[in-house]
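Subject: Two-chain model, handover and findings

Hi,

Here is the model you asked for. Please load it first, then read the notes below it.

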Amino acid sequence: MQDWREDKTFFGATIALPVIWFMIFFVVPMAIVWAYSVGENVGPVDIAITGTFANYAKAFSPEVLKVMGDSVVLAFITTIICLVVAFPVALAMTFADEKQKMWLLLLVMLPFWTNLLIRTYALIAVMRTSGVINSGLEGVHGLLALTGLPMGTFEPLPLLYNKFAVVVGLVYVHLPFMVLPLYAALDRLDKSLIEASLDLGAGHLETIRRIIVPLAAPGIAAGLVITFIPALGAYLTPDLLGGPDDLMIASLIERQFKRANDWPFGAALSFILMYITLIFFAIRAFMERKGGKVGAH
Amino acid sequence: MAKKVARAPLDYLNMPAMKAWLAGVFIFLYTPLMILILFSFNDSKANIVWKGFTLKWYVKAFENTQLREALLNSLLIAGVCTIISIVLGALMAFAFWRFKFPFKGPLESGMSLPIVVPEICFGVAVLLFFAKIGFPNDLPYPFNLTQIILAHVTFAFPFVAIVVRARLESFNPELEAAALDLGASRYQAFRDVIVPHMKPGLIAGGLLAFTLSLDDFVITFFASGPGTITFPVKVYSMVRFSVTPEVNAASTIIILITVLATVLALRAQAATTKES
């Protein structure tokens, strides 16, 4: 690595463009949002930056707090389900041979690379009233009715447009976010420790609980954060799969800009979401550092 | 006669319970997509019962001018975004790999923020930014796509930088020193020695940028002016109304493009790890 002063022109030539781009198209827009979040509407299109905290205060009104509470709960449930579902998958990947590993990785990654909107749409087609699941159930119901059982009329399950649908959708979309960091963490483990535990008479579950989970804790924390943050800020999934009462933060932010036209309030909500994100990443960085120290002993 | 198959203690993949679990997970992940693809060939508007094979929904999707236009817009945006992202990402990766300079750590974390910031926050920022600077909304095609391209590049190029940086870790700096000794200028050495080594990283990163751009709905939704439509935005408006086989057909085409890009990217990345 070279000190930048030894070759200023070359350093400048390589770093200038990315930094300038980042400043103009990321830092400046974010600064504008931040400025708007302490501003107020003074006309139909004019916004004065007055340094008010009214927009943030508004975020603590009961209706908004309910949406935020719902968002946190839905994102949290999603994250836990993802952890439970993904852990065995990551474990299987860790101990598979090279070729199987490649295939499993590809199978996990492919949906992740597929258009989010298409995946959500696919779920709608499966879960709607006349979708695959309900048609299948109706078929079964019809068959049972043929056998003379008193079945009554078929009522399709209300699978869509409720919180259940939102969680299913969020899990569907975010599962790979959990598998990959878990796999990365488990893959680094010293496998002889697990063998030792099994040799010494611990069962598989006990080994997982007392050896694998504590050792993989930084990776698990990474997976939790990496899944929770996008789930919390998800827009499309709750918008398309949820009902009118299942708003999440992102939809509330979108409304302030596209419908309610309260840009300062929208900007404040957006920054609250940003702060939550940054706090979680800071916690994660802290845990990683701690985990690194433990590993060094 | 039941024969117990010997299984190593850590061979989790061969546990029946584990196999069942994996099967369940992959059924959950793939069934909706399989059904979507299957019904794009179904000769029935209702989209529930299989009535026979047809390609008419593909014909219909291609005859839908708005849908076609949206698809072309998306591919154009993704293409331009990929090229700019590769250049910016490669420069960023190189500068951070090669030089020591003050505030390097904070700058590096700062420049990876576009990766972690929730899409909705960045989308809002882009909307306010273009409104504030009074970016013209009525540019002729294809310049009306500029805002979307600028926004996409901003979140895509840090991803490219990460992939390229990983690739650079396997570069032997003595090769560059040798090129300089043999009389190459800094720029010649960069162009003829370092860039060729970066190449698999550039391809993998570029394909990543391409899919990210093609995939993006939220930021496009906020960045696009009135009248500009991209594939996800068009599908969004179609999906809001109904589930039609036409959307299935269009989606299947996009899935095909994505699968191709993914396989190519994984190949490029596999080449990276093999060589190093």
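Chain A has a radius of gyration of 25 Å, while a compact globule of 297 residues would have one near 19 Å. That radius is taken over C-alpha atoms, and the globule rule is 2.2 Å times the number of residues to the power 0.38. The C-alpha atoms of chain A fill a box of roughly 75 × 55 × 35 Å along the principal axes.

This is a predicted model: local features need pLDDT of at least 70, side-chain atom pairs count only at pLDDT 80 or more, and totals for chains, interfaces and linings use all residues. Residues are numbered from 1 along each chain as its sequence is written, and chains are lettered from A and ligands numbered from 1 in the order in which they are written.

**Chain A overall**

Chain A has 13 helices and three strands. Helices (H or I, at least four residues) and strands (E, at least two) are DSSP runs, numbered from the N terminus. Buried residues make up 44% of its 297 residues. Buried means 20 or more other C-beta atoms within 10 Å of the residue's own; exposed means 12 or fewer; partly exposed lies in between; C-beta atoms are placed from the backbone. Take the contacts in chain A between residues at least 6 apart in sequence: 70% join residues at least 24 apart. A contact needs two C-beta atoms, placed from the backbone, within 7 Å.

**Chain B overall**

Chain B has 12 helices and one strand. Along the sequence the pattern reads α-α-α-β-α-α-α-α-α-α-α-α-α. Its radius of gyration is 23 Å, well over the 19 Å that the globule rule gives for 276 residues, so chain B is more spread out than a compact globule. The box filled by its C-alpha atoms is roughly 75 × 70 × 30 Å, again along the principal axes. Of the 276 residues in chain B, 44% are buried. Among its contacts between residues at least 6 apart in sequence, 80% join residues at least 24 apart.

**Where the chains meet**

The contact takes 71 residues from chain A and 65 residues from chain B. On the chain A side, helix H1 (residues 8-37) gives the most, with 16 residues. That side divides into 55 nonpolar, 11 polar and five charged residues. Here Ala, Val, Leu, Ile, Met, Phe, Trp, Tyr, Cys and Pro count as nonpolar, Asp, Glu, Lys and Arg as charged, and the others, Gly among them, as polar.

**Helix H9 of chain A**

H9(A) covers residues 204-215. At 1.5 Å a residue its 12 residues should span 16 Å, and the end C-alpha atoms are 15 Å apart, which agrees. The expected span is 1.5 Å times one less than the number of residues. A:Thr207, A:Ile212 and A:Leu215 are the buried residues of H9(A). They cover an arc of only 55 degrees around the axis, which puts them on the same side of H9(A). The arc is that of the directions from the helix axis to the C-beta atoms. Helix H8 (191-199) of chain A is included in what covers them. On the other side of H9(A), the exposed residues are A:Leu205, A:Glu206, A:Arg209, A:Arg210, A:Val213 and A:Pro214.

**Backbone points to check**

- A:Tyr161 has a positive phi of about 60 degrees although it is not a glycine. A:Tyr161 is in the loop between H6 (132-146) and H7 (163-187) of chain A. A:Tyr161 is partly exposed, with 19 other C-beta atoms within 10 Å.
- B:Phe103, also not a glycine, has a positive phi near 65 degrees. B:Phe103 is in the loop between S1 and H4 (104-111) of chain B. B:Phe103 is exposed, with 8 other C-beta atoms within 10 Å.
- The peptide bond from B:Tyr141 to B:Pro142 is cis, with omega near 0 degrees. B:Pro142 is in the loop between H6 (119-132) and H7 (146-168) of chain B.

Best wishes
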